[in-house]
Amino acid sequence: MKFIAIIPARYASTRFPGKPLALLGGKPVIRRVYEQVAGVLDDVAVATDDERIREAVLAFGGRVVMTSPDHRSGTDRCREAYDRIGGAFDAVVNVQGDEPFVRASQLETLMRCFDDPGTDIATLVRPFAPEDGLAALENPNSPKVVLDAHSRALYFSRSVVPYLRGVPREEWLARHTFYKHIGIYAFRTEALRAVTALPPSPLEGAESLEQLRWLENGFRIGVGVSDAETVGIDTPGDLVRAEAFLKQFE
């Protein structure tokens, strides 16, 4: 299969305006993401609606596609960018523009999900460890995933799933393997076109998780397991943590 990575990047972020251009170890965050992906997949491009981001990507020699400012999600932006790029790609990998520590091993695990011809979409999870603590497991900003026997997603939730009946909550992490969702996706190109044409679904609205729309409409989501830890950047405080993490990462 032939893969292209598309990195959606917006300047207007409620919690951290200009985040893709913030410096991390002397380089813009968007460049860090781009360099982590380049060379692992067959091609890579940034999809943005902002001229400042476009100029920054061109300045370090990256490929960039201008897209509409009206997209509801990064998935929709990826669809437009892919349509503009064209080419004979079998799958599109949506790499978040605020994940400068995405690893080659994670991308490779994601791509291997398509060894199963029944996989329409692929994503990643990391097992919660007992040392993560109950607060991390119960954090609604960290979605959980339930898998079936074939490593496909049954459900995504901001709640702790499954509920361990009859087991004290403080023992849950020791008694069951819970999976934390890592927000990177890959789509067969025909699946990307199909899911972006779907209207919002009831479960998506309830949990504010767009992947539930795909499940509700019968798309099969393959899941790869990764133990790699990363630091996403949502706020200026996250950038401070990322600077510390960068020293261990490099």
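Predicted model: local features only at pLDDT ≥ 70, side-chain atom pairs only at ≥ 80, totals over all residues.
The size of an interface is often expressed as the accessible area lost when the parts come together. For domain 1 and domain 2 the buried area amounts to about 760 Å², with carbon and sulfur atoms giving 50% of it. On the side of domain 1, Arg72, Thr75 and Arg79 supply 63% of the area buried against domain 2, more than any other three residues. One salt bridge is found across the interface of domain 1 and domain 2. A salt bridge is also formed by Asp83 and Arg193, whose closest N and O atoms are 3.3 Å apart.

Two helices were examined for burial. In helix H1 (residues 29-37), the buried residues are Val29, Ile30, Arg32, Val33, Tyr34 and Val37. Gly39 follows H1 and has a positive phi, near 95°. In helix H2 (residues 51-59), Ile53, Ala56 and Val57 are buried. These three residues lie on the same side of H2, because they cover an arc of only 95° around the axis. The elements covering the buried residues of H2 include strand E1 (3-9), H1, strand E4 (43-48) and strand E5 (64-66). Just after H2, a positive phi of about 85° is adopted by Gly61.

Strand E8 (residues 144-147) and strand E9 (residues 153-157) run antiparallel and are joined by four bridges. Within this pairing, Ser157 of E9 stands opposite Lys144. E8 and E9 form a hairpin in which five residues lie between the two strands. In the turn of this hairpin, Ser151 has a positive phi of about 60°. E8 is also joined to strand E10 (residues 179-188), by two bridges and in an antiparallel manner. The bridge partner of Val145 in E10 is Tyr179. In a regular strand the side chains alternate between the two faces of the sheet.

Side chains of opposite charge can pair when their charged atoms come close. The count of salt bridges in the model comes to 19. One of these is formed by Lys19 and Asp234, with the closest N and O atoms 3.9 Å apart. This pair links distant parts of the chain, 215 residues apart: Lys19 lies in the loop between E1 and strand E2 (23-24), and Asp234 in the loop between strand E11 (221-225) and helix H10 (236-249). Lys19 counts as buried because its relative accessibility of 13% is under the 20% cut-off. Asp234, at 31% relative accessibility, counts as partly exposed. Lys19 and Asp234 are linked with Asp98 in a network of salt bridges.

A further salt bridge joins the side chains of Asp49 and Arg77, at 3.7 Å from N to O. Here too the pair links distant parts of the chain, with Asp49 in the loop between E4 and H2 and Arg77 in helix H3 (residues 74-85), 28 residues apart. Arg77 is buried, its relative accessible area being 2%, whereas Asp49 counts as partly exposed at 24% relative accessibility.

Arg169 and Glu138 also form a salt bridge, and their closest N and O atoms are 2.7 Å apart. Arg169 is located in the loop between E9 and helix H6 (172-175) and Glu138 in helix H5 (residues 134-138), so the pair ties together parts that are 31 residues apart in sequence. Arg169 is partly exposed, with a relative accessible area of 35%. Glu138 likewise counts as partly exposed, at 34% relative accessibility.

Notes. Residues numbered from 1 in each chain as written. Heavy atoms only, no water. Buried < 20%, exposed > 50% of the residue type's maximum accessible area, 1.4 Å probe, protein only. Pairing = 2+ DSSP bridges. Arc of directions from axis to C-beta. Contact = heavy atoms within 4.5 Å. Buried area = accessible area lost by both parts, 1.4 Å probe. Salt bridge = Lys/Arg side-chain N within 4 Å of Asp/Glu carboxyl O.
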